[in-house]
Amino acid sequence: MNLKLEVVVVPVSDVDRAKKFYQEVLGFRVDVDHRAAIYEQALGFRHRGEESYRIVQLTPPGSECSIQIGKGLTHMKPGTLQGIYLITSDIEARRAELVNRGVDVSEPFHFGPKGQTPGLDPKRADYNSFLSFSDPDGNGWLIQEVKQRAPGR
């Protein structure tokens, strides 16, 4: 029986600002944007008005896993989620696209004998070249280059 990771909750302080970043800057698709009392009731919250609960679900291009941002979703503090991975088959093209979209993205790096090292992996080995960036709240993302998945994926 398979288990698939479907959603990761990302803590944010300003839902509209985060939605704009993920949708307009990163190009994530908006799947859901709900703020209704019926969701509060279904989840056992007392009705406290429209702004007490909001859920926005966004999906990266080509991904089967989405993120959720919102209000009333988590007790995590905005900016505390670190190390969320996005995978690309062309890290140089992805970096150029992100820079063009205004994202403050790192230079490429890889892991060698002395740990994190500037530049792409010299062998361009899958799973070993990275970029990093943060959302407006400081949640940290990594982009990893994978041209061919490991067997079983």
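Which glycine just after H3 takes a positive phi? I looked there before anything else. Gly 102 does, with a phi of about 90°. I note that this is a predicted model.

**Entry 1: helix H3**

I went back to the start of H3. There a side-chain oxygen of Asp 90 reaches to within 3.3 Å of the backbone nitrogen of Glu 92. Next I looked up burial. Ile 91, Arg 95 and Leu 98 are the buried residues of H3. They span an arc of only 65° around the axis, so they sit on the same side of H3. I then asked what covers them. The cover includes E5, E8 and E9.

**Entry 2: helix H1**

I turned to H1, which runs 15-25. Asp 14 caps its N-terminal end. After the helix comes Gly 27, with a positive phi near 85°.

Which residues of H1 are buried? I found Val 15, Ala 18, Lys 19, Phe 21 and Tyr 22. Seen down the axis, the buried residues of H1 fall within an arc of 160°, so they line one face of the helix. Lys 20 and Glu 24 are exposed on the other side of H1. The buried residues of H1 pack against E2, E3, E4, E8 and E9.

I checked E3 (54-59) for cover. Six of its six residues are buried. Arg 54, Val 56 and Leu 58 point one way from E3. Ile 55, Gln 57 and Thr 59 point the other way. Both sets are buried.

Then I looked at pairing. E2 (29-34) joins E3 through five bridges, and the two run antiparallel. Asp 33 has Val 56 in E3 as its bridge partner. E3 also pairs with E4 in the antiparallel sense, over five bridges. Here Gln 57 has Gln 68 in E4 as its bridge partner. E3 and E4 make a hairpin, with six residues between them. In the turn, Gly 62 has a positive phi of about 80°.

**Entry 3: the open sheet**

What is the strand order of the open five-stranded sheet? I read it as E5-E9-E8-E6-E7, with mixed pairing. E5 and E7 (115-118) are the edge strands, each pairing on one side only. The twist averages 35° from one strand to the next. I followed E5 into E9: five bridges join them, and they run parallel. Leu 86 stands opposite Ile 143 in E9.

**Entry 4: the core**

Last, I looked up the largest nonpolar core. It holds 23 residues. Val 10, Tyr 22, Ile 69, Phe 133 and Trp 141 touch the most other members. The elements giving two or more residues are H1, E3, E4, E5, H3, E8 and E9. H1 gives the most, with four residues.

What does Phe 133 touch, not counting residues up to four places away in sequence? The list is Phe 21, Leu 26, Leu 86, Val 103, Asp 104, Val 105, Asn 139, Gly 140, Trp 141 and Ile 143. Some of these names had come up already. Phe 21 is one of the buried residues of H1. Leu 86 and Ile 143 are the pair that stand opposite each other. Trp 141 is among the core residues that touch the most other members.

Notes: Residues are numbered from 1 along each chain as its sequence is written. This is a predicted model: local features need pLDDT of at least 70, side-chain atom pairs count only at pLDDT 80 or more; totals for chains, interfaces and linings use all residues. Side-chain values use heavy atoms; hydrogens and water are left out. A nonpolar core is a set of buried Ala, Val, Leu, Ile, Met, Phe, Trp, Tyr and Cys residues joined through side-chain atoms within 4.5 Å. Buried means under 20% relative accessible area, exposed over 50%, partly exposed in between (1.4 Å probe, protein chains only). Contact means heavy atoms within 4.5 Å. Two strands pair if DSSP finds at least two bridges between them. Axes are lines fitted to C-alpha atoms, for helices over the stretch in contact, and angles run from 0 to 180 degrees between N-to-C directions. The arc is that of the directions from the helix axis to the C-beta atoms. A polar contact is a pair of N or O atoms within 3.5 Å; within protein, one must be able to donate a hydrogen and the other to accept it, and residues adjacent in sequence count only if both atoms are side-chain atoms.
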